[in-house]
Amino acid sequence: MARKKQLLETAETYVSVSMKVNGVPCSAKIEPRTLLVHFLRDVLGLTGTHWGCDTGNCGACTVIMNGKSVKSCNIFAVQADGAEIITIEGLAKDGQLHPIQEAFWENHGLQCGFCTPGFIMQAYWLLQQNPNPTEEEVRRGISGNICRCTGYQNIVKAILTAAEKMKR
Amino acid sequence: MQQFRWVGRPIPRLDALDKAVGRTKYPSDYYMDNMLWGKVLRSKYPHAKILSIDVSKALKHPGVVAVFTHKDIPNNRFGLFHKDRPVLCDDKVRYIGDPVALVAAETPEAAEDAANLIDVRYEPLPVVDDVFKAVEGDGAKVHERGNVARQTRITFGDVEEAFDNAEVIVENTYRTGAQIHAYLETEAGLSYIDEKGRITIVSCGQSPYRDKKEICETLALPEEKVRVIIPPVGGAFGGKDDISVQIFLALITLKTGRPAKMFLSREESTISSTKRHMAYITMKTAADKNGKLLANQTEIILDTGAYEGLGPAVLDVAIENCNGPYKIPNIDIKAKLVYTNNYFASAFRGFGAPQVMFAIESQVDAIAEKLGLDPIEIRLRNVVRRGDYGVFRNKIEGSVGIADALEKARMHELWLRRDDIRKTRHRPWIRQGVGVAAAVKGYTIGALPDKGVVGIELTTDGRFIIKLSSTEIGQGVVAAIAQIAADMLSCHLKNIEIKAADTSQTPDTSVTSASRQLYLAGNALRKASEEMIKKLITAFSIATGEPAYNASVSDGYVVSTSTGRRLSYSEAARILEEKGIGREAFGEYEVPRTTPIPGTLEIPHLFYMYAAAIAHVEVNILTGVVKVKKLVLLPDAGRVINPQTFTGQVEGAAAQGIGYAVLEDAKIEQGILRTINLSTYLIPSIKDAPAMEVIPIETTEDTGPLGAKGVGEIGIIPVAPAVANAIKHATGVRVLEVPITPERLYRRLKEAGQNTPR
């Protein structure tokens with residue numbers, strides 16, 4: 001495991017965490033205050049999960065933890081000890097895009113793309129809960145994620161298209 | 001209109017694929033072995049004298065490698081117009097985001113802990129938080145030169161005489177708030193020493209060459225020792241036009257020889273980053289009985305905060321656009337840019353135009369109402385058309401689509417149903433209304449010199465690499481350039497590769513701002529393409545002995561029009577290589593410009609984008625909450641290169657416009673920003689973004705690449721006035737201040753006796 005962030009020799013209070021990320025078991029020693037988002041990015045090098053706000057407002061850090069969508073900036077890595085995590089890097093299988101990723105791409109559901117992994121993970125969870133959502137249900141389902149570029153029109157389109165694709 | 005193979009088609013952006021799978025590396029995604037983390041200590045006070053800075057405790061903190069102060073900066077003042085900004089503060093701090101010291105440590109936690117151990121002793125000074133007091137001149141000064149950073153007056157005709165002869169005069173004072181960019185990726189980057197010994201900064205930004213210049217000047221480094229790379233950035237909107245982390249990163253690597261990373265927290269970003277200028281605009285506008293605008297007298301004060309940044313140019317754009325897209329024969333504009341301790345204001349999408357458009361478009365609506373004229377009709381009677389002379393007696397030579405946009409708006413079903421919508425009441429406390437606004441803004445940087453270079457390399461396997469310094473900030477410029485290149489070079493889109501924004505590998509394509517990167521880079525690309533095609537044809541002549549005039553390019557081949565013989569691009573590449581002709585071509589484009597009118601820096605522009613917008617709002621008169629139900633945008637931005645990108649740009653800008661109009665309230669109290677994160681500074685979520693309809697008004701700009709203009713900024717500009725005019729239509733109350741928060745609107749409704757449900 002390529003560790004991006006070093007630990008200080010002198011610090012005393014490290015803790016060990018282990019979790020399964022995208023099916024791969026990982027464990028590391030970290031500072032207890034490490035947030036899950038920083039663990040994924042700085043320790044595991046999974047930079048597809050983005051860090052946007054720290055206050056749970058933007059949703060750029062959304063990942064799936066034990067089957068539920070969570071904002072990984074509002075969870076300490078130690079709270080995820082033993083958990084199964086899915087990040088944006090875990091969606092495409094064998095070089096095949098996940099239908100949600102494909103739909104975001106084709107429908108221009110992104111501009112700068114920084115919020116996109118969070119939206120896709122939230123959509124992934126949403127479509128698992130409700131494979132056949134109405135536009136209103138999609139809007140409600142992603143209202144906890146923020147995009148500053150698109151005005152949301154194409155994000156809604158992309159998720160509705162993905163729902164269709166996933167039925168096929 | 002000419003049809004193209006790639007241009008004009010809604011092709012999914014190539015770069016968007018990587019973004020959808022989480023593979024794109026943004027400035028915050030770069031890491032290196034043995035890397036340090038940088039953390040800035042920022043001012044606690046909006047205005048204070050620095051008495052001493054003691055870094056000794058911080059230096060002893062475990063994991064800390066270095067702590068820097070102003071003593072480490074050879075040239076500690078920089079700025080694009082006026083060098084008034086310190087890299088690290090020395091004599092004073094001038095706003096609460098001002099940087100005082102910089103820590104480099106082994107971990108981000110150690111850096112942050114050590115920053116808190118730096119002992120800075122301040123002597124607080126009176127806070128200059130009010131532009132009107134600031135200009136009086138007898139109080140505290142933000143800078144030695146005084147609080148008026150720039151002032152000017154522009155007059156044409158005689159407003160007083162026009163006022164005497166007017167049928168109707170409307171005079172109001174408007175206030176617009178400080179908007180925060182709130183790009184989803186905060187400022188970030190990584191620095192290291194590259195294989196050629198250059199200090200290399202991979203960071204957010206909008207202009208690699210300009211950032212490099214500021215790094216070299218402040219740190220006294222020779223040009224060849226510094227390299228700036230700007231990867232795809234997680235949103236910018238003007239907010240990454242000024243320097244943020246770049247000089248800090250360069251400093252750490254310069255002094256320690258080690259790689260360094262910075263990634264600002266949301267709070268630090270919100271406090272320290274630039275903002276949209278707060279504006280105070282008084283406007284006195286006159287018209288004759290037919291609604292013909294006769295005169296407009298305007299006083300604009302922009303609060304630039306602690307430093308000028310791009311403020312002088314923002315002031316120019318406010319001056320240029322305060323008369324809207326109208327022919328007004330008599331104008332008088334007094335404008336001031338004022339220093340305060342409120343924040344640091346600089347570029348933000350629209351660049352001075354959203355502020356003044358809110359004012360003039362409210363004025364025009366008020367005049368229409370007084371005269372009993374239809375709001376669209378009065379605008380059509382006054383709008384500028386191609387070939388007309390503008391308010392500065394400047395001939396409008398570029399394409400002008402505002403009359404078309406307004407005509408289409410007039411026939412839109414939302415506008416036609418306007419009175420029915422107003423009469424419909426689902427609830428006794430809900431009022432509905434529909435409003436319209438027009439907008440204009442110049443693109444290109446006006447009368448300032450502006451040129452850029454684009455390079456094309458033909459690879460040995462017959463593909464093209466386009467090299468340019470445009471930065472991909474989400475707007476889709478890279479994909480749009482690829483589409484244009486594929487058409488110009490007559491090849492498949494997949495054979496175009498873009499290499500962007502690396503000062504060691506790509507030529508200077510000038511700054512990515514002012515909605516003109518597509519225009520500028522596209523035109524430079526056209527020139528480079530012509531050069532490249534000449535080379536391809538030369539190779540063909542060498543290979544076949546046929547004269548050049550017989551040959552043209554077609555879908556990856558040079559083809560003889562008389563014999564039908566053809567040569568593939570890869571064979572051409574081999575011949576060019578063998579004969580030493582070279583496989584590279586460059587094109588330079590200098591944007592045509594005007595002579596600035598006296599009293600200004602860069603206006604008027606030669607080229608303008610236009611738009612009209614219709615807003616449908618629902619107002620709750622008991623709470624003052626405004627819900628924008630629908631927005632229709634009719635932008636004239638020339639030929640559409642990629643319909644998806646075009647529409648996306650306009651919708652995204654319009655969503656920011658809704659935020660500006662009713663939601664985004666940066667609360668600054670005595671120089672202290674109270675809304676420091678996304679739970680207190682609210683930007684539109686999907687609940688605030690209504691259904692939108694974008695109707696492109698496709699004019700063809702003859703000077704643009706394949707007829708294109710710029711589109712980045714125009715979508716935000718008409719939204720706030722359209723919403724305000726819709727609120728007036730719904731409730732009878734005109735609000736003179738944005739954002740139109742529930743508190744503000746409720747107060748106005750109450751004053752007007754309009755808050756009784758019935």
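Me: Which residues in helix 16 of chain B meet helix 17 of chain B, and which residues in helix 17 of chain B do they meet?

Reply: This is a predicted model, and in it B:Lys535, B:Leu536, B:Ala539, B:Ile542 and B:Ala543 in helix 16 of chain B meet B:Tyr569, B:Ala572, B:Ile575 and B:Leu576 in helix 17 of chain B.

Me: How is the packing of helix 16 of chain B and helix 17 of chain B to be described, and at what angle do they pack?

Reply: The general idea is that two packed helices are described by the angle between their axes and the distance between the axes. Here helix 16 (residues 517-544) of chain B and helix 17 (residues 569-578) of chain B pack at an angle of about 80°, and their axes are 9 Å apart. That angle makes helix 16 of chain B roughly perpendicular to helix 17 of chain B, because angles of 65 to 115 degrees count as roughly perpendicular.

Me: At what angle do helix 18 of chain B and helix 19 of chain B cross, and which residues meet there?

Reply: Helix 18 (residues 643-663) of chain B and helix 19 (residues 719-731) of chain B cross at roughly 50°, with axes that come within 8 Å, and these two helices are therefore oblique to each other. Their crossing is right-handed. On the side of helix 18 of chain B, the residues are B:Ala654, B:Gly657, B:Ile658, B:Tyr660, B:Ala661 and B:Val662, and they meet B:Val719, B:Ala720 and B:Val723 in helix 19 of chain B. The residues of this contact divide into 8 nonpolar, 1 polar and no charged.

Me: In chain A, how far apart are the axes of helix 2 and helix 5?

Reply: The axes of helix 2 (residues 99-106) of chain A and helix 5 (residues 153-167) of chain A are 8 Å apart, and the helices pack at an angle of about 140°. Helix 2 of chain A and helix 5 of chain A are therefore oblique to each other, and their crossing is right-handed. Among the residues that make the contact are A:Ile100 and A:Phe104 of helix 2 of chain A, together with A:Ile159 and A:Met166 of helix 5 of chain A. The residues of this contact divide into 9 nonpolar, 1 polar and 3 charged.

Me: How many residues does each chain give to the contact between chain B and chain A, and how much area do the two chains bury?

Reply: The contact takes 63 residues from chain B and 49 residues from chain A, and the two chains bury about 4,700 Å² between them, 60% of it on carbon and sulfur atoms. In chain B, B:Tyr31, B:Leu184 and B:Ile686 lose the most area to chain A, together 17% of what that side buries.

Key. Residues are numbered from 1 along each chain as its sequence is written. Chains are lettered from A and ligands numbered from 1 in the order in which they are written. This is a predicted model: local features need pLDDT of at least 70, side-chain atom pairs count only at pLDDT 80 or more; totals for chains, interfaces and linings use all residues. Side-chain values use heavy atoms; hydrogens and water are left out. Axes are lines fitted to C-alpha atoms, for helices over the stretch in contact, and angles run from 0 to 180 degrees between N-to-C directions. Helices (H or I, at least four residues) and strands (E, at least two) are DSSP runs, numbered from the N terminus. Angles under 35 degrees count as roughly parallel, over 145 as roughly antiparallel, 65 to 115 as roughly perpendicular and the rest as oblique. A crossing is left-handed if the near helix is turned anticlockwise from the far one by less than a right angle, and right-handed if clockwise. Contact means heavy atoms within 4.5 Å. Ala, Val, Leu, Ile, Met, Phe, Trp, Tyr, Cys and Pro count as nonpolar, Asp, Glu, Lys and Arg as charged, and the others, Gly among them, as polar. Buried area is the accessible area (1.4 Å probe) that two parts lose on being put together, summed over both.
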